[in-house]
Amino acid sequence: MTAELDGPFAVFLIGARVNQPWNVPAWLPVFRAMPRMLRELQAHPELGLLGGQTHGGTLIQYWRSAEHLHAYAHARDHAHLPAWRAFNQAARRHPGAVGIWHETYLIQPGAYETLYVDMPPFGLGRAGTLIPATGRRQSAQGRLTGPPATVGAGT
C-alpha cells in the first residue's frame with residue numbers, strides 16, 4: 001500500500017528529553033500537557049490536524065497547512081499557548097531540566113513517497129488515504145511523480 005494526501009500539507013515533529021529525571025516538577029507538566037492538546041485537536045478537526053502518532057519521545061503530526069499549525073500554536077483560546085507559557089516559566093525556574101525540540105516540513109504534491117507492507121494504517125497512511133501500490137505506484141520513483149495528470153488539464 002501507499003498513501004496519498006490531496007494538496008500540500010505540513011509535517012510537524014516534536015519531542016522532549018528529560019535531562020534531570022529527579023526533577024519531576026520540571027518535566028511532568030510537559031508530559032501532561034500534550035495529551036490535552038491532542039484531545040482538543042482530535043475533537044476539532046477544523047483546526048487542521050490530519051493525524052499523527054507517537055514513537056518513543058517523538059510525536060509525528062500531519063497538518064493541512066503550516067498556517068493551521070501556526071494558528072493553533074498562537075491561539076489564546078486553545079490548549080497550546082497556555083502550556084507553552086507554563087513550560088517557559090518552569091524552564092526559567094529549572095534551567096536545563098527538560099529539553100524540547102520541533103521541526104516543521106512543508107510538503108508539496110509529488111514531493112513525498114510512502115510504502116506500507118504488512119502494516120496497519122501508519123504515518124501518512126493514517127492521516128491520508130491508503131491506496132494499492134500498483135501501476136505507477138509500484139516503485140518509489142513512480143510514487144514520487146505525483147498524481148497522474150487529469151485529462152484536459154491546462155486547457
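I began with strands β2 (residues 9-18) and β4 (residues 58-63), which run antiparallel and are joined by six bridges. Strands here are DSSP runs of E with at least two residues, helices are runs of H or I with at least four, and both are numbered from the N terminus. Two strands pair if DSSP finds at least two bridges between them. I also looked up G15 and found T58 of β4 opposite.

A note on my source: this is a predicted model, where local features need pLDDT of at least 70 and side-chain atom pairs count only at pLDDT 80 or more, while totals for chains, interfaces and linings use all residues. Residues are numbered from 1 along each chain as its sequence is written, and side-chain values use heavy atoms, without hydrogens and water.

Next I traced the whole sheet: it is open, with four strands in the order β3-β4-β2-β5 and antiparallel pairing.

Then I checked helix α2 (residues 66-74), which lies across β2, β4 and β5 and runs at about 120° to β4. Angles run from 0 to 180 degrees between N-to-C directions, with axes fitted to C-alpha atoms, for helices over the stretch in contact; contact means heavy atoms within 4.5 Å.
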